Number of protein chains: 2
Amino acid sequence: MKVLAVLYNGFKAAIEEPRLLGTVENKLGMDRWLASRGHEFVVTSSKDGPKSDFEKHIVDAEVLITTPFHPGYLTRELMEKAKNLKICITAGVGSDHIDLNAAVDHKIQVLEVSGSNVTSVAEHAVMSMLLLVRNFVPAHEMIERGDWQVSDIARNAFDIEGKTIGTIGAGRIGYRIMQRLLPFNPKELLYYDYHEIHPEAESAVNCNRVGTVEELVSQCDIVTVNCPLHEGTRGMINDHLLSTFKPGAWLVNTARGAICDEHAVARALASGQLRGYAGDVWNVQPAPKDHPWRSMKNPLGGGNGMVPHYSGTTLDAQARYAAGTKSILQNYLDGKPQAHQNVIVGTGKYETTSYGIH
Amino acid sequence: MKVLAVLYNGFKAAIEEPRLLGTVENKLGMDRWLASRGHEFVVTSSKDGPKSDFEKHIVDAEVLITTPFHPGYLTRELMEKAKNLKICITAGVGSDHIDLNAAVDHKIQVLEVSGSNVTSVAEHAVMSMLLLVRNFVPAHEMIERGDWQVSDIARNAFDIEGKTIGTIGAGRIGYRIMQRLLPFNPKELLYYDYHEIHPEAESAVNCNRVGTVEELVSQCDIVTVNCPLHEGTRGMINDHLLSTFKPGAWLVNTARGAICDEHAVARALASGQLRGYAGDVWNVQPAPKDHPWRSMKNPLGGGNGMVPHYSGTTLDAQARYAAGTKSILQNYLDGKPQAHQNVIVGTGKYETTSYGIH
């Protein structure tokens, strides 16, 4: 049996740091285990185009392992060539790089390591809010270049306390963000989700549900995106929706880049309609060198908190998702049932409503 | 009566942003009010050396207003020349730029706007921990320069969850930091302070007191400094104490720069004994262009989260400390009692133990 994994290269870092499990070099720590069971394990970072290792090996792989950080995009077209493919495992959370409808049609299961890095992402989102609202990046750059002018920083620095904060999506990550924000004493915590939070969980974080995305963004000083990418959320944050935000709001997106229209966000930041935008997700990964989100700024020269996609791949998270990936694969090999919360697409049908209601 | 205020220049920013109250231009919003009461109000940023406005006007001022962000250093020598000086008001929190023992001897009262920016500083400290532990600065710089190499960031990125975090000082700021950290699920919250926290407050944040600073730092993954600067804390974090930290710990100091030996910190970061250092306070302010904290890095090229001193001067904080300064001055002018928590030095004696036990 062939197991194919598309991971990112770690190079020198992966040799020096064995806890970088999610790299080509360290192979999710599963190399010897799969060999001992007699399986072929192909690990590559080459993922784009017909000459890539991904397209070469997908034709006879039975198991495909991918990550959201360096996604191998499994299209319907590729699936049609993947005659042996039975199961796709996302080492992490977020399987939008796989055509899920096509997986249903081809009876290919899709699983992810639910919960493995939700805490990591929630921490990153709260950090991103703090550093935008408190105007950290221009302040640090001022120190690096040898300057000192407090008023130029303070004029656009605020506290989180007393702000209205809303999450689009209140699942495992969105809820954890609200838990972490509560002692910062926000004015109000709001959420939009088609699932209602259990009343006890709702009162534990003192949050309120609103009926539409428009209603949410029009009331919030800070908006955070914590929903999966699917047909219903792709391009959701566009010129129109951004025009209904409170002027000067901050937007944090650690969900998926393609939920936002990249040019609309850059325009809103340049005009000051957004005071800041931060996150680690991009509509294409790796992001091209000229992607507007690398250099976009607000009218005062700040408001950009972008990083590469790594919030869910801290060393702490890698330990969790490597273990979770192995566990899913072990269940598959042994014919044991999978933990329900990890199953996105079962054999021929969706097992979750996280990727839209089908 | 002459009121002298030493504030920072806001220049264009202060003209464009009237909420920058703590600037020379916007004069804490007290200009008209003091004029209407017939007082002379001198506001300047010129504070260093015998030709500065500060030294020129201190000789006949009755009230001195200063801030920690651009401190007018009131030495014993200057106090001896300040024949009319009756009261020093710190617009903010932290009055270490005033020789408090000399103020006792000269029967000059020292007050500060206690609590006015403790939330702002606590938020900054939590942000600083997150961005060090999660390796934000190298990640953002990677995006700015057009690169994308997740493993180079992830190899030194961790979660706050599960870490042991300790505060040196558990007063208004230290306690607020623990409140905000609690839902991040640290392994343990520890504090060192010569005041014991009330048992109810202690159990509310599930923290434990340790008996010495050495005992604290040897157990912690993350250490945060939240005590005032006084004779007992100046230079406390030196080569010796840093050698007792857990190897690879992170240190956040938003209290006062001179609590740390600047060269010892830079050495510990360069060697990797510290994985990161962040904060907004410096032993001299403005920091000179060649201050080692501007450019120091850990062996992987990150770990520096320094900014100019502004955490307590967000626009939200400025509104609070401007109002508090006015209220203290109004009490003084009207002969009304001051709120006890604002009084550092009363007439001829310390009224707080925050600056050491005298």
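**Group meeting: chain and domain interfaces**

Across the interface of chain A and chain B, the rule finds 45 residue pairs in polar contact, both at pLDDT 80 or more. A polar contact here is a pair of N or O atoms within 3.5 Å; within protein, one must be able to donate a hydrogen and the other to accept it, and residues adjacent in sequence count only if both atoms are side-chain atoms.

Which elements of chain A give two or more residues to the side that touches chain B? They are helix H1 (11-16), helix H6 (118-133), helix H7 (136-144), helix H8 (150-154), helix H9 (172-181), strand E12 (304-306) and H14. Helices (H or I, at least four residues) and strands (E, at least two) are DSSP runs, numbered from the N terminus.

Some ground rules. This is a predicted model: local features need pLDDT of at least 70, side-chain atom pairs count only at pLDDT 80 or more, and totals for chains, interfaces and linings use all residues. Residues are numbered from 1 along each chain as its sequence is written, chains are lettered from A and ligands numbered from 1 in the order in which they are written, and side-chain values use heavy atoms, with hydrogens and water left out.

Back to the chains. The contact (heavy atoms within 4.5 Å) takes 72 residues from chain A and 72 from chain B. About 6,100 Å² is buried between the two chains, and carbon and sulfur atoms give 59% of that. Buried area is the accessible area (1.4 Å probe) that two parts lose on being put together, summed over both.

Now salt bridges: a side-chain nitrogen of Lys or Arg within 4 Å of a carboxyl oxygen of Asp or Glu. Chain A and chain B have 14 between them. A:Lys163 and B:Asp316 meet in a salt bridge at 2.9 Å, N to O.

Next, inside chain A. How many salt bridges are counted between domain 1 and domain 2 of chain A? The count is 1.

Last, B:Phe136. Among the residues touching B:Phe136 are A:Met127, A:Leu131, A:Phe136 and B:Leu131, not counting residues up to four places away in sequence.
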